[in-house]
Amino acid sequence: MKLFWREHIPLIIMVLLQLFLVLLVYRYDGYTDLRTALYAVFLGLCLLAAYMIYRYFSHRIFYERLSVPPTSLQDSVRKAESAAMSAALNELMESQYRHYQQELKSWERKQQEHLTFMNQWVHQMKTPLSVIELIVQEEDDPRFSSISEESDRLRRGLEMVLYMARLDTFEQDFHIEKISLRDLVKEVVHENKRYFIRSCVYPDIQVEAGLKVETDAKWLRFALQQLLTNAIKYSAGTRTKVSVAAYPQGREVILEVRDLGPGIPKQDLPRVFHPFFTGVNGRKFKESTGMGLYLVKQILERLNHTIVLESEAGTGTTARVVFPYGYLD
């Protein structure tokens with residue numbers, strides 16, 4: 001209704017000016033019968049009111065569509081009235097909608113092809129990487145330790161690429177079940193044992209054996225892997241411990257990964273979950289990609305878990321994963 005009146009205010013003003021001019025013509029032309037002049041004005045106002053009523057009811061849906069934003073693309077191409085302006089607008093919207101759908105399908109197809117290529121490429125790279133790791137394990141030459149270190153780095157990078165590619169199809173690739181936190185933590189720590197040794201950092205597991213949570217084991221393992229490798233990377237050479245602890249808190253279960261590294265500067269803390277953000281520490285530690293914590297947050301949010309990061313420069317960092325429900329068998 002407001003849009004209708006805003007559009008027709010200039011028309012109403014113009015008609016009123018015309019009727020006022022009619023009165024002036026009557027007056028200056030010598031007509032002294034005011035009733036005839038007022039009757040002419042009254043007829044003009046009646047015609048204006050009849051036109052406004054017709055205009056409103058013939059374009060009512062048109063104005064409603066313009067006043068209320070559509071909740072979906074389909075709503076923007078609803079059937080309109082037979083009025084010429086409304087019908088023309090509806091045809092234009094339908095044409096734009098068809099073009100948009102075609103463009104969207106084209107980009108979806110390209111994105112799917114890209115994801116398929118990335119998945120295949122990562123799996124193909126894993127085979128020669130496994131062969132390299134097997135050869136390195138069978139050799140006692142200390143020179144192979146560098147190759148082993150680089151192969152671990154490659155494997156972590158390939159896993160990040162793979163999980164990043166799968167993030168958009170997360171709903172099709174997860175399974176919620178009860179898992180033992182202690183078993184999962186021990187598996188992830190064992191997978192990173194060479195990284196611990198090379199970095200002169202020691203794991204400290206403080207998780208009760210019977211503590212269980214409902215989650216997806218594969219995705220949570222990747223998130224914990226990222227938190228643990230970050231803790232090791234930023235604690236390298238300090239000969240300190242990286243603690244992984246879990247404890248119940250009411251109905252919730254808290255999983256903590258704590259290191260005694262350089263910590264995160266206060267100005268960087270609000271942005272650590274942004275993609276590609278590396279901050280001050282990222283410039284010092286060249287391995288930082290700025291994607292690890294971003295992926296962790298995205299994965300945990302999709303699993304209905306929460307991550308909280310506490311840190312202070314010079315005192316280390318604590319990452320807490322909050323599970324809404326936990327069990328202690």
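Let me start with what I mean by a pocket: on a 1 Å grid over the protein atoms alone, it is an open set of points where a 1.4 Å probe fits, with protein on both sides within 12 Å along at least five of seven lines, and its lining residues have an atom within 4 Å of a point. A volume is the space filled by probe spheres set on those points, with grid points joined across faces, edges and corners. The idea is friendly enough: rolling a probe the size of a water molecule over the atoms shows where empty space is left.

Before the tour, two housekeeping notes. This is a predicted model, so to speak of local features I need pLDDT of at least 70, side-chain atom pairs count only at pLDDT 80 or more, and totals for chains, interfaces and linings use all residues. Residues are numbered from 1 along each chain as its sequence is written, and side-chain values use heavy atoms, leaving out hydrogens and water.

Now, the largest pocket holds about 670 Å³ of space. It has 35 lining residues, and those closest to its centre are Asn 230, Lys 233, Tyr 234, Ser 288 and Gly 292. Which helix gives the most to this lining? That is H8, with eight residues. Other elements that supply at least two residues each include helix H5 (144–166), strand S5 (252–259) and helix H10 (292–302). Helices here are DSSP runs of H or I with at least four residues, strands are runs of E with at least two, and both are numbered from the N terminus. By type, the lining has 14 nonpolar, 15 polar and six charged residues.

Is H8 enclosed or open? Since 17 of its 19 residues are buried, H8 is largely enclosed by the rest of the structure. Buried means under 20% relative accessible area, exposed means over 50%, and partly exposed is in between, with a 1.4 Å probe and protein chains only.At its N-terminal end, H8 is capped by Asp 216, with a side-chain oxygen 3.1 Å from the backbone nitrogen of Lys 218. After H8 comes Gly 237, whose phi is positive, near 85°.

On to the second largest pocket, at about 420 Å³. Among its 16 lining residues, Asp 152, Arg 155, Glu 191, Asn 192 and Gln 225 lie nearest the centre. Here H5 provides the largest share, five residues. The make-up of this lining is three nonpolar, three polar and ten charged residues.

Two loop residues deserve a look on your screens. Arg 239 is not a glycine, yet its phi is positive, about 55°. Arg 239 sits in the loop between H8 and strand S4 (241–249), and it is exposed, with 56% relative accessible area. Asn 304, also not a glycine, has a positive phi near 65°. Its loop runs between H10 and strand S6 (306–312), and Asn 304 is exposed at 55% relative accessibility.

How values were computed:
Polar contact = N/O pair within 3.5 Å; in protein donor to acceptor, adjacent residues only side chain to side chain. Nonpolar A, V, L, I, M, F, W, Y, C, P; charged D, E, K, R; others polar.
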